[in-house]
Amino acid sequence: MGVEMDIKEAGVELTEAENELYDRQIRLWGLESQKRLRTAKILIAGLCGLGAEITKNIILSGVNSVKLLDDKSVTEADFCSQFLAARESLNTNRAEASLVRARALNPMVDISADREPLKEKTAEFFGQFDVVVVNGETNEELLRIDSICRELGVKFIATDVWGTFGFYFASLQKHSYVEDVIKHKVVSNPDKKKKYETVSIPTQREVDYPGYSAWLDFDITAPSYLRKLKRNGPGVLLLSVLQKFRTTHQRDPSYKTRAADLELLRGIRDELLPNSDLTDEALGVIFAQISPAVAVVGGVVAQEVIKVVTKMEAPHRNLFVFDPETCAGYFETIEAK
């Protein structure tokens with residue numbers, strides 16, 4: 001897909017209306033970057049609050065098309081943060097309920113909905129896109145999709161938010177981008193005191209991003225990692241517990257069964273991470289999806305998608321964690337074994 005994208009970029013031209021609409025962005029990251037965005041096809045699977053936030057930011061950037069995929073219905077819990085689905089859309093399909101408001105954000109972007117289950121989608125489907133963003137799925141399904149995407153050369157991002165806690169993992173394979181390298185240039189005459197000016201030199205870089213399996217193989221109990229936990233907090237531990245809960249129970253913790261689910265969460269924590277720093281208080285902030293956390297994680301994910309498509313600046317490598325206790329995000333570099 002990356003080679004095809006480069007070919008399409010060479011012939012694409014923005015219309016007068018597009019130049020006017022995206023004027024600020026063009027001045028920010030350049031015309032060529034906006035042309036790359038104009039050819040990009042993005043899949044966003046999971047139209048919960050997080051999916052809505054990512055969708056909004058991607059549509060406003062001016063991509064070619066966005067496919068919204070979700071087989072679930074709008075619930076009362078969605079109204080905590082899912083602003084694309086109107087109140088009267090309760091019990092209707094989440095992807096279809098998001099279409100009207102999504103299209104109103106930017107009429108120049110082709111936006112469509114797909115209500116089929118993600119697990120039924122094959123390589124032929126994923127091969128249509130340049131970037132695939134998935135949330136709300138089990139590790140098994142995320143691994144399946146990532147494996148398909150890596151074979152096809154499609155960039156893949158797994159993400160999620162539970163309450164006020166969230167994460168994303170970027171599986172971008174070998175990713176090429178341009179980075180501005182700052183250097184100092186002598187501008188004075190040889191016989192005078194040296195004077196320098198700062199110049200920015202565009203430099204081609206390439207970084208290898210491991211697959212989602214690197215996270216599944218990551219040993220959070222390793223002694224070498226315990227030192228990092230003391231510095232960054234137990235966010236990665238919480239992510240492991242939540243993903244184990246989803247895999248075991250095929251659902252997320254629910255506010256309707258809060259007391260029982262907290263007991264299940266504590267059991268998973270004590271089984272996976274005996275005597276860990278993951279407190280009961282941390283387990284209590286992961287119900288539904290809360291708007292501030294969705295805004296932060298969704299904004300970061302959309303920013304990374306834009307970096308991938310425009311090939312300007314290095315996307316972060318490769319696990320992002322938003323910690324509700326500190327209200328700050330941090331990155332962990334997860335290497336393949």
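How does the lining of the largest cavity divide by class into nonpolar, polar and charged residues? It has 5 nonpolar, 1 polar and 2 charged residues. The classes are these: Ala, Val, Leu, Ile, Met, Phe, Trp, Tyr, Cys and Pro count as nonpolar, Asp, Glu, Lys and Arg as charged, and the others, Gly among them, as polar.

Some housekeeping. This is a predicted model, with local features needing pLDDT of at least 70 and side-chain atom pairs counting only at pLDDT 80 or more, while totals for chains, interfaces and linings use all residues. Residues are numbered from 1 along each chain as its sequence is written, and side-chain values use heavy atoms, with hydrogens and water left out.

Back to the cavity. On a 1 Å grid over the protein atoms alone, a cavity is a set of points where a 1.4 Å probe fits but cannot get out; a pocket is an open set with protein on both sides within 12 Å along at least five of seven lines; lining residues have an atom within 4 Å of a point. Points are joined across faces, edges and corners, and volume is the space filled by probe spheres set on them. The whole structure has 1 cavity of 30 Å³ or more. The largest cavity holds about 50 Å³, and its lining includes Pro234, Leu278 and Asp323.

Of its 40 lining residues, Lys72, Arg94, Gly136, Arg246 and Asp252 are the closest to its centre. By class, this lining has 13 nonpolar, 12 polar and 15 charged residues. Strand E5 (155-162) supplies at least two of the lining residues, as do helices H9 (139-152) and H12 (235-249); E5 gives the most, 3 residues. Helices (H or I, at least four residues) and strands (E, at least two) are DSSP runs, numbered from the N terminus.

The second largest pocket has about 330 Å³ of space. Among its lining residues are Trp29, Asp180 and Lys307. H15 provides the largest share of that lining, 4 residues.

Last, packing. A nonpolar core is a set of buried Ala, Val, Leu, Ile, Met, Phe, Trp, Tyr and Cys residues joined through side-chain atoms within 4.5 Å, where buried means under 20% relative accessible area with a 1.4 Å probe, protein chains only. The largest core has 46 residues, and Val132 and Leu319 have the most contacts inside it. H12 gives the most to this core, 7 residues. A second, separate core of 43 residues includes Cys48 and Val305.

Key: Buried < 20%, exposed > 50% of the residue type's maximum accessible area, 1.4 Å probe, protein only.
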